[in-house]
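User: Could you walk me through this model, starting with the aromatic side chains and then moving on to the strands?
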Amino acid sequence: MEPGPPGSFGPAEPGPCLSGQRGADHAASASLQSAARTEPGGHSLAVAAVLPAGGCGERMGVPTPKQFCPILERPLISYTLQALERVYWIKDIVVAVTGENMEVMKSIIQKYQHKRISLVEAGVTRHRSIFSGLKALAEDQLNSKLSKPEVVIIHDAVRPFVEEDVLLKVVTAAKEHGCTDYDLEFGTECLQLALKYCRTKAKLVEGSPDLWKVTYKRDLYAAESIIKEIISQEICVVMDSKEDNKHVGHLLEEVLKSELNHVKVTSEALCLAGRHLQQIILDQCYNFVCVNVMTSDFQETQKLLSMLEESSLSILYPVVVVS
């Protein structure tokens with residue numbers, strides 16, 4: 001996939017989908033979504049993704065391959081996988097990793113509870129790694145859980161900030177223009193080489209500014225800063241049903257809304273069997289303020305902590321609870 005214009009800087013969220021963000025863009029992509037998910041006859045379009053992740057990250061200047069470098073104590077590739085996983089119409093995600101990193105990758109999948117992921121051994125070059133992923137998707141093996149797709153998205157493991165709109169455009173263009181052959185030695189994911197060396201139809205899809213690649217060590221710090229900013233854009237004020245607590249909680253909510261214009265502020269009562277609160281947790285809010293008027297109210301805060309632990313929310317990102 002092609003990145004945005006050089007110098008552009010401002011990735012989208014890798015995990016939580018912020019409500020109201022890029023509303024116009026999402027509305028404009030409705031027809032794209034329909035085209036990518038179904039063909040004219042009502043047939044669902046089978047889409048898979050291949051992530052070449054066998055690089056050693058020489059330009060990063062660190063001993064750990066960059067796809068496994070931690071951002072907020074979580075490997076970079078995990079953010080990329082989460083970005084693809086939240087696109088429900090991508091049925092299979094194949095990751096090509098070196099044999100020496102196979103167990104590392106398996107532990108990442110298990111720890112961060114990634115789904116729809118299959119692993120293959122990477123080749124000696126990026127293009128051979130892509131070929132390994134394509135072969136895994138093309139082979140009809142008896143015990144294989146992979147199904148042969150009609151469109152395959154090739155995506156860098158170190159581009160964690162990819163939006164569904166961009167993926168939809170790529171899938172739609174691939175379906176419309178097709179690809180009849182590819183040349184592993186010259187790298188047909190590059191438009192110019194595909195046109196030069198292969199008898200294939202190809203189309204360049206302009207990427208968004210968000211589609212930048214983590215290449216150098218400074219990029220890790222930039223990615224961390226962006227992720228922190230994203231997960232700080234929603235706060236939930238939690239209180240129980242006591243009138244004093246509700247009064248203080250609503251006052252606090254109004255103050256936060258007036259002072260923090262760029263932050264979404266909501267409030268919920270913990271005593272309502274936590275139904276609404278559980279939905280907020282599922283929507284991936286990572287910042288909570290618990291209103292405690294009496295010492296006994298801390299038991300309600302403990303309930304919230306228990307809910308958060310059960311949700312495994314903190315596995316993905318840091319969670320902040322202010323009492």
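Analyst: What follows covers the aromatic rings and then a sheet. This is a predicted model, in which local features need pLDDT of at least 70 and side-chain atom pairs count only at pLDDT 80 or more, while totals for chains, interfaces and linings use all residues. Residues are numbered from 1 along each chain as its sequence is written, and side-chain values use heavy atoms, with hydrogens and water left out.

User: OK, how many aromatic pairs does the structure hold?
Analyst: The structure holds two aromatic pairs, where rings of Phe, Tyr and Trp (its six-membered ring) pair if their centres lie within 6.5 Å, and planes under 30 degrees apart count as stacked, over 60 as edge-to-face and the rest as tilted. Tyr 79 and Tyr 317 form a tilted pair, with 5.8 Å centre to centre and 55° between the planes.

User: And where do Tyr 79 and Tyr 317 lie?
Analyst: Tyr 79 lies in helix α3 (residues 76–85) and Tyr 317 in the loop between α11 (298–311) and β10 (320–322), so the pair ties together parts that are 238 residues apart in sequence. Helices (H or I, at least four residues) and strands (E, at least two) are DSSP runs, numbered from the N terminus.

User: What about Tyr 286 and Tyr 317?
Analyst: Tyr 286 and Tyr 317 form an edge-to-face pair, at 5.0 Å centre to centre with 75° between the planes.

User: Is Tyr 317 buried or exposed?
Analyst: Tyr 317 is buried, with a relative accessible area of 1%; buried means under 20% relative accessible area, exposed over 50% and partly exposed in between (1.4 Å probe, protein chains only). Tyr 79 is buried too.

User: Which ring faces does Arg 74 lie over?
Analyst: Arg 74 lies over the face of Tyr 79, at 4.2 Å from the ring centre, and over the face of Tyr 317, at 5.1 Å from the ring centre. A charge sits over a ring if NZ of Lys or CZ of Arg is within 6 Å of the ring centre and within 35 degrees of the ring normal.

User: Switching to the sheet, what is the order of its four strands?
Analyst: The order in this open sheet is β8-β7-β9-β10, with parallel pairing, and two strands pair if DSSP finds at least two bridges between them. The edge strands, β8 (264–269) and β10, each pair on one side only.

User: How many bridges join β7 to β9?
Analyst: Three bridges join strand β7 (residues 234–239) to β9, and these strands run parallel. Val 237 stands opposite Val 289 in β9.
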